[in-house]
Amino acid sequence: MPPTTFTIIDDGRPVQVQATIEADHVRLSPESVKIALGWNVEPEGLCRDGLCVPIPPGPTLLDGGAIDLRALASVVDRPLAVDAAERAAYLGVSAGDRARALTSLRAPDFTLPDLDGRPHSLSEHRGKKILLVAYASW
Amino acid sequence: MWQAVYEELKDRGFVVITVAIDRSPDDARPWIEAATPAHPSLIDTEHAFVDLYNIVNVPTILWIDESGRIVRPNDVAFGTDTFKHITGLEAAKHLAALRAWVKGDAPALSSEKARALQSKPTPADQQARAEFGLGWWLHKQGRVEAAERHFVRGGELAPHDFTIRRGTMPIRGIDPMGPKFREMLQAWVSTGNRYYQPLPE
């Protein structure tokens, strides 16, 4: 199978990689993974921003020089939704990361637009008591 | 809906921030324009805030203190009694507690209590959010049928997550107040679940 363009939405940010797809298996070149996701295969393991995750032994992650996308997500502990037919996948944030942040009780900062598209951040209101309300039209 | 309490308490170092969990600013626009809020009124089309705070339904409220600490984790409260006949929840109780906290008459929850009352996402919940993220991206690309698969899968993985199950209905051309929703709600409550899950007293 020749490589094809594949989109990975990395926590909301779409990046394009070259991938080979066979049935449900998506394999990426290490070069592609480095450019798009910042993970580099090094002797210590899979490294990003000076932090390395050991690669488990066996052929799952590195398959004939290519990186298996599902194995990659599993090694870096990220939920992954894949649509091989649509050539797209979404890499989310793990339950562990979210739970740790919430347990710290430090309110996670965010920046969102208002109706006019003007961005607002939670952190702009530090020093005030805040009532945060999620609602919807549905 | 929250404008009145904001006006009442804004001079006491208090602000309200509302976040509409909607597919577009235009879905939220009639609500925001009717309320004419003077406080920040934001829109989370991508479920970024939803994911950060483990929001699974609306309305969800949180209290955050001056130092940026969560002092009341995800809870259910309404600003008015407009929907009391449906929800069985009275606005007054939460408003009284909120006033007391803002005025310094009563403390919020201790860190220990706040942690004990927090709901944290499971791996299935985060997998569901990834399915939603993929579905929403595909939908915006015009790949509507593929998107549907992922919205449905997300709902199966996290059946309590109504930001996915009900929140995607307008995207999928389903009336979120109509028979499909009532059917979903009936199936949910008939198996012993609650649609609104406020914190225990």
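Two strands are taken to pair if DSSP finds at least two bridges between them. In the predicted model described here, this criterion applies to β2(A) and strand β3 (residues 25-28) of chain A, which run antiparallel and are joined by 4 bridges. Within this pairing, A:Thr20 stands opposite A:Arg27 in β3(A). The two strands form a hairpin with 2 residues between them, and A:Ala23 in the turn has a positive phi of about 50 degrees.

Between β4(A) and strand β5 (residues 45-48) of chain A, the antiparallel pairing extends over 3 bridges, and A:Asn40 stands opposite A:Cys47 in β5(A).

Taken as a whole, chain A has 3 helices and 13 strands. Its radius of gyration is 19 Å, well over the 14 Å that the globule rule gives for 138 residues, so chain A is more spread out than a compact globule. Along the principal axes, the C-alpha atoms of chain A fill a box of roughly 55 × 35 × 25 Å. Buried residues make up 34% of the 138 residues in chain A, and, of the contacts in chain A with a separation of 6 or more, 30% are accounted for by residues 24 or more positions apart.

In the predicted model, 44 residues of chain A are in contact with 71 residues of chain B. On the side of chain A that touches chain B, at least two residues each are supplied by β9 (80-83), β10 (88-91), α3 (95-103), β11 (111-113) and β13 (129-135) of chain A, and the largest share, 7 residues, comes from β13(A). By class, this side of chain A has 28 nonpolar, 8 polar and 8 charged residues. Pairing between strands also crosses from one chain to the other, in that 7 bridges join β13(A) to strand β1 (residues 14-20) of chain B, with the two strands running parallel. In this pairing, A:Ala134 stands opposite B:Val19 in β1(B).

The helix α3(A), which also contributes to the side of chain A that touches chain B, has A:Ala95, A:Arg98 and A:Leu102 among its residues, and these three are buried. Seen down the axis of α3(A), the buried residues fall within an arc of 70 degrees, and therefore they line one face of the helix. The cover over the buried residues of α3(A) includes α7 (123-140) of chain B. Just after α3(A), a positive phi of about 65 degrees is taken by A:Leu105.

Definitions and conventions: Residues are numbered from 1 along each chain as its sequence is written. Chains are lettered from A and ligands numbered from 1 in the order in which they are written. This is a predicted model: local features need pLDDT of at least 70, side-chain atom pairs count only at pLDDT 80 or more; totals for chains, interfaces and linings use all residues. Two residues are in contact if their C-beta atoms, placed from the backbone, lie within 7 Å. Ala, Val, Leu, Ile, Met, Phe, Trp, Tyr, Cys and Pro count as nonpolar, Asp, Glu, Lys and Arg as charged, and the others, Gly among them, as polar. A residue is buried if 20 or more other C-beta atoms lie within 10 Å of its own, exposed if 12 or fewer, and partly exposed in between; C-beta atoms are placed from the backbone. The arc is that of the directions from the helix axis to the C-beta atoms. The radius of gyration is taken over C-alpha atoms; the globule rule is 2.2 Å times the number of residues to the power 0.38.
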